[in-house]
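Biologist: I have some questions about this structure before I start on it. Could you go through it with me?
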Amino acid sequence: MPIILPIETGTDIGRRRVLAAFAAGAASSLVPWPASALMPAGAGTDADPRNDWRWLRGNWNVQHRRLKERLAGSDDWEDFAGRSAAWLTLDGLGTIDDNEMELPGGNYRGLGIRAFDPATRQWAIWWLDARDPTRIEPPVRGGFDGDGGSFVGRDTLRGKPILMRFRWHDIHGARPWWEQAFSGDDGASWEVNWRNWFTRTAAEPTPLPRLAGAPDDWNFLAGRWQVRHRRRPRLSNAEHWDEFDGTFHNWPVLGGFGNVGDNLMRMPGGDLRGMGIRAWDPARGEWSSWWLDGRMPDRIGAPLRGGFRGGEGVFTGEEIVDGRTIRSRVIWSRITPRSARWEQATSTDGGTSWSTDWISDFTRMA
């Protein structure tokens, strides 16, 4: 649900970049994007980015080939199988793909997250590693040209800066394939370290198998929902609440150790779309819950953290609103097989007192 929680973190492999501050709920940012803003430079009217990832939607068997040691002069490769399930989100301007890989060391799960930014006309691609579920890795950015796509970003490896590059090939063919390469010399040379080949098994995506021991906290949320929202401005004592409808679709990912929700909110100022992304950390015994706001698709807010107890879920974190550091709290309650409630509250005194500013009532559709 719509919380933006900026935070600054490190830049090692698996870490996010600095996230800029953003105050959620600005009505002025709800103006629908013009069609021209969704077209790559020089593209015709048929180049709607909503079509960029339609070929990936569905379920796939995946054959992997990975270099064991990266940027180490190695030529020792390993081969293993995997599976993937991909859904479109954000009305086609986002995607998620859930991945299972049979690594030589054991089963591995990871989640790809994508969003299109009309300001730069580029896609950002993030990765959430289930082995380190408290953070989302830095993005690569880029786009498609014909039957291929190229995406580049910065990270570090063994404490040194590198460039990362993803390339997709033959995306409209019978066996699309992907490769990853690293550069330790700022792009002067590249070492390919991972390739995989996709074979479709279903056009309609279905969740991958659940892992033994996965928590059941979010089982109630899987599926499609109608949502009734009530909202008032944050950090205010306004008595008037805006009321509006929305829809929500949630999928389990990471073998049940995560889930993703696709949101549509028909707010008075215009439609708002966003993705909620959640992952369970067994070491801390808590969930991380991120929000990707469709109005700011180049970034993912820092997470709320918490869990369920006594039939309710409570998640808290810090964010900056109007230049002030505040506490945010989300509570999931009134959970039944057919309904649930989500509430957002704000505290300006470190959590001593709370002011509720958003209430969403969920009614199951499917």
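Biologist: How many aromatic pairs does a search of the whole structure find?

Modeller: In this predicted model, the search of the whole structure finds 29 aromatic pairs. Among them is the pair of Trp-53 and Trp-168, whose ring centres are 6.1 Å apart with the planes at 80°, so it is edge-to-face.

Biologist: Where in the chain do those two sit?

Modeller: Trp-53 is in the segment before β1, whereas Trp-168 belongs to strand β8, residues 160–169, so that the pair links parts of the chain 115 residues apart.

Biologist: And are they buried or exposed?

Modeller: Both Trp-53 and Trp-168 are buried. Trp-168 also pairs with Trp-55, with centres 5.0 Å apart and planes at 70°, so this pair is edge-to-face as well.

Biologist: Which residues have the most contacts inside the largest nonpolar core?

Modeller: That core has 72 residues, and the ones with the most contacts inside it are Trp-53, Leu-111, Ile-113, Trp-168 and Trp-332.

Biologist: Changing topic, what is the strand order in the closed barrel?

Modeller: Its ten strands run β11-β12-β13-β14-β15-β16-β17-β18-β19-β20 with antiparallel pairing, and neighbouring strands are turned by 25° against each other on average, direction ignored.

Biologist: What about the pLDDT?

Modeller: The protein chain averages 89, and 87% of the residues score at least 70. Over residues 1–45, however, the pLDDT is below 50, and where pLDDT is low, the predicted coordinates should not be read in detail.

Conventions: Residues are numbered from 1 along each chain as its sequence is written. This is a predicted model: local features need pLDDT of at least 70, side-chain atom pairs count only at pLDDT 80 or more; totals for chains, interfaces and linings use all residues. Side-chain values use heavy atoms; hydrogens and water are left out. Two strands pair if DSSP finds at least two bridges between them. Helices (H or I, at least four residues) and strands (E, at least two) are DSSP runs, numbered from the N terminus. Axes are lines fitted to C-alpha atoms, for helices over the stretch in contact, and angles run from 0 to 180 degrees between N-to-C directions. pLDDT is the predictor's confidence in each residue, from 0 to 100. Contact means heavy atoms within 4.5 Å. A nonpolar core is a set of buried Ala, Val, Leu, Ile, Met, Phe, Trp, Tyr and Cys residues joined through side-chain atoms within 4.5 Å. Buried means under 20% relative accessible area, exposed over 50%, partly exposed in between (1.4 Å probe, protein chains only). Rings of Phe, Tyr and Trp (its six-membered ring) pair if their centres lie within 6.5 Å; planes under 30 degrees apart count as stacked, over 60 as edge-to-face and the rest as tilted.
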